[in-house]
Amino acid sequence: MRTGPTKQEKTTEIYFDEKGPTIFIRTHNTDLKNRLTAYSRKHPAVCKLTDVDPDTGCKEFEIEKGRFSFRLTAPYREERRRAASEAAKNE
């Protein structure tokens, strides 16, 4: 019998307004939780763990704007995809 949230219910929420200095992050994502937890321990002045829900595995963080970013990547062109595939096969 399954307990806890389903994968569809395991979300990541990132919210902030344009005026305030803080980004609020609420996540179930294990990698992101681990990275933010380590960062908050190393840099407590700019990032802090604000809440933990042991029943769902969710953690909430507050982080100073400018310390959190998204990286957008362009899709691979077909020739680059083939070259990467061949390189991986040859390793």
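Modeller: Contact means heavy atoms within 4.5 Å. In that sense, the cover over the buried residues of helix α1 includes β1, β2, β3 and β4. The model is predicted, with local features requiring pLDDT of at least 70, side-chain atom pairs pLDDT 80 or more, and totals for chains, interfaces and linings using all residues. Numbering starts from 1 along each chain as its sequence is written, and side-chain values use heavy atoms, without hydrogens and water.

Biologist: What makes α1 a helix of the expected span?

Modeller: Helices are DSSP runs of H or I, at least four residues; strands are runs of E, at least two; both are numbered from the N terminus. α1 has 13 residues. The expected span is 1.5 Å times one less than the number of residues. For α1 that expectation is 18 Å, and the reach from its first C-alpha to its last is 18 Å.

Biologist: Which residues of α1 are called buried, and why?

Modeller: Buried means under 20% relative accessible area, exposed over 50%, partly exposed in between, with a 1.4 Å probe and protein chains only. L32, K33, L36, T37 and S40 of α1 are buried.

Biologist: Why is H28 called buried?

Modeller: Its relative accessible area is 10%, and the cut-off is under 20%, so H28 counts as buried. H28 lies in the loop between β2 and α1. Beyond four places in sequence, H28 touches residues including E9, T12, K33 and C58.

Biologist: What makes the approach of T11 to H28 a polar contact?

Modeller: A polar contact is a pair of N or O atoms within 3.5 Å; within protein, one must be able to donate a hydrogen and the other to accept it, and residues adjacent in sequence count only if both atoms are side-chain atoms. The backbone oxygen of T11 lies 3.1 Å from a polar atom of the H28 side chain. At the start of α1, a side-chain oxygen of N29 comes within 3.1 Å of the backbone nitrogen of D31.

Biologist: Why are β3 and β4 called paired?

Modeller: Strands pair if DSSP finds at least two bridges between them. β3 and β4 have six bridges, in the antiparallel sense, so they pair. C47 stands opposite I63 in β4. The hairpin of β3 and β4 has four residues between the strands, and G57 there takes a positive phi near 85 degrees.

Biologist: What is the order of the strands in the sheet?

Modeller: The open sheet runs β1-β2-β4-β3, with antiparallel pairing. Four bridges join β1 to β2, and E13 has R26 as a bridge partner. Six bridges join β2 to β4, with I63 as the partner of I23.
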